[in-house]
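Student: Hi, could you walk me through this one? I'd like to start with the ligand contacts.
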Amino acid sequence: MQKTLTITRPDDWHLHLRDGDMLKAVLPETTRDFARAIIMPNLVPPVITGDDATAYRNRINALLPEGSRFTPLMTLYLTETTDPGDVTRAARTGLITALKLYPAGATTNSDSGVRDIDKVMPVLERMAKIGLPLCVHGEVTDPDVDIFDREAVFIERVLQPLQARLPALRIIMEHVTTRDGVDYVNSADNIAATITTHHLIINRNHLLVGGIKPHYYCLPIAKREAHRQALLAAATSGNPKFFLGTDSAPHTDPNKQSACGCAGVFSASNTMACLAHIFEDAGALDKLEAFTSRNGPVFYGLPPNADKITLTRHETPVAFPAKIHTGAGDVTLFDPGFALYWSTI
Ligand code: DOR
Ligand code: ZN
């Protein structure tokens, strides 16, 4: 049995760090293993302008653990009034790495998102021209569309037409959850996808059978097992179009364990242990580095990290805390439902 695995230090291509007390508590959970992360802009209020991104980046950097070399890769939240000039300036100075498109109402703090894609075409055209990638939350919000179908319908109604209109725009389909999504990404140019740790591990039964599990509720919602299998096959294939974006999204326990609980799974602390486990199970430990550390930088046009990380497989299960304590309240860590034997220390 393989005991250690040394790989290029990973990056997280989709991460929610929040702000204030929550940011302070969750940041070290990411910086321990990851060198860089794409930082989601769905704060309240959202990170919309270059000035907002500068201020948020400063707040993150001010809270970095002593000696950390973590780089937050900032994004702007695309709104119908986003100024292409501001985007261009923020991209040219290296302040931002991408823009994020939230269909209005699709998820947590997405009210300022896009209702009419025509209104953001000037920004998207500019992005295509300057080579700035677009991260997309790929779900329609039409109340007539079943929540389990929202990703597949988004591909048909929004993604395909957008790619036909602007083939040069580089798109990341964030947190892909369906076989339809995997197939689409494989079939089209200039598009890649992130996959979360939790969508590789849970299906909708884990969420709903034997009692509702609020800590498995996230958006896009976990789908049926055949879809999870498609995600696992994509992640463990080494295909450069797929890479890790944890979508680690902390909410306090009272906000999760509620009659109307928030969407989000917090997985920053044990993501690498979970991934090593499932890649090992799939006989694909040799593909872990591609998924966590190689494919993302290639799509984003960035160099891979220079340093390495070593994962160790222990004889007995590794204990992760069930919760982390934050100044905003406790946050429950993702429970993969199996014992974890790998650790990064
Ligand atoms: O589950 C989710 N949580 N999905 C999202 O798209 C947003 C995120 C959050 O911000 O909590
Ligand atoms: Zn997210």
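Tutor: Happy to, and keep in mind that the model is predicted. Start at Gly264: one of its polar backbone atoms is 3.3 Å from an oxygen atom of ligand 1.

Student: How much of the accessible area of ligand 1 does the protein cover?
Tutor: On its own, ligand 1 has 290 Å² of accessible area, and the protein covers 99% of that. The space ligand 1 takes is the largest cavity.

Student: Nice. Which residues come nearest to ligand 1?
Tutor: There are 14 residues around ligand 1, and Arg18, Asn42, Leu219, His251 and Ala263 come nearest.

Student: And what do Asn42 and His251 do there?
Tutor: Each has a side-chain atom by a ligand oxygen. For Asn42, a polar side-chain atom lies 2.8 Å from an oxygen atom of ligand 1. For His251, a side-chain N or O atom is 2.7 Å from an oxygen atom of ligand 1.

Student: How does the shell around ligand 1 divide?
Tutor: Its residues are four nonpolar, eight polar and two charged.

Student: Switching to the metal: what are the protein donors of the zinc ion?
Tutor: For the zinc ion (ligand 2), they are His14 through NE2, His16 through NE2 and Asp247 through OD, lying 2.1 Å from it. Along the sequence, the donor residues follow the spacing H-x1-H-x230-D.

Conventions. Residues are numbered from 1 along each chain as its sequence is written. Chains are lettered from A and ligands numbered from 1 in the order in which they are written. This is a predicted model: local features need pLDDT of at least 70, side-chain atom pairs count only at pLDDT 80 or more; totals for chains, interfaces and linings use all residues. Side-chain values use heavy atoms; hydrogens and water are left out. A residue is near a molecule or strand if one of its heavy atoms lies within 4 Å of it. A polar contact is a pair of N or O atoms within 3.5 Å; within protein, one must be able to donate a hydrogen and the other to accept it, and residues adjacent in sequence count only if both atoms are side-chain atoms. Accessible areas come from the Shrake-Rupley method with a 1.4 Å probe; for residues, only the protein chains shown count as cover. On a 1 Å grid over the protein atoms alone, a cavity is a set of points where a 1.4 Å probe fits but cannot get out, and a pocket is an open set with protein on both sides within 12 Å along at least five of seven lines; lining residues have an atom within 4 Å of a point. A molecule sits in a cavity or pocket if more than half of its atoms lie within 2 Å of its grid points. Ala, Val, Leu, Ile, Met, Phe, Trp, Tyr, Cys and Pro count as nonpolar, Asp, Glu, Lys and Arg as charged, and the others, Gly among them, as polar. Donors are N, O and S atoms within 2.8 Å of the metal (3.2 Å for Na, K and Ca); water is not among the atoms, so sites may look incomplete.
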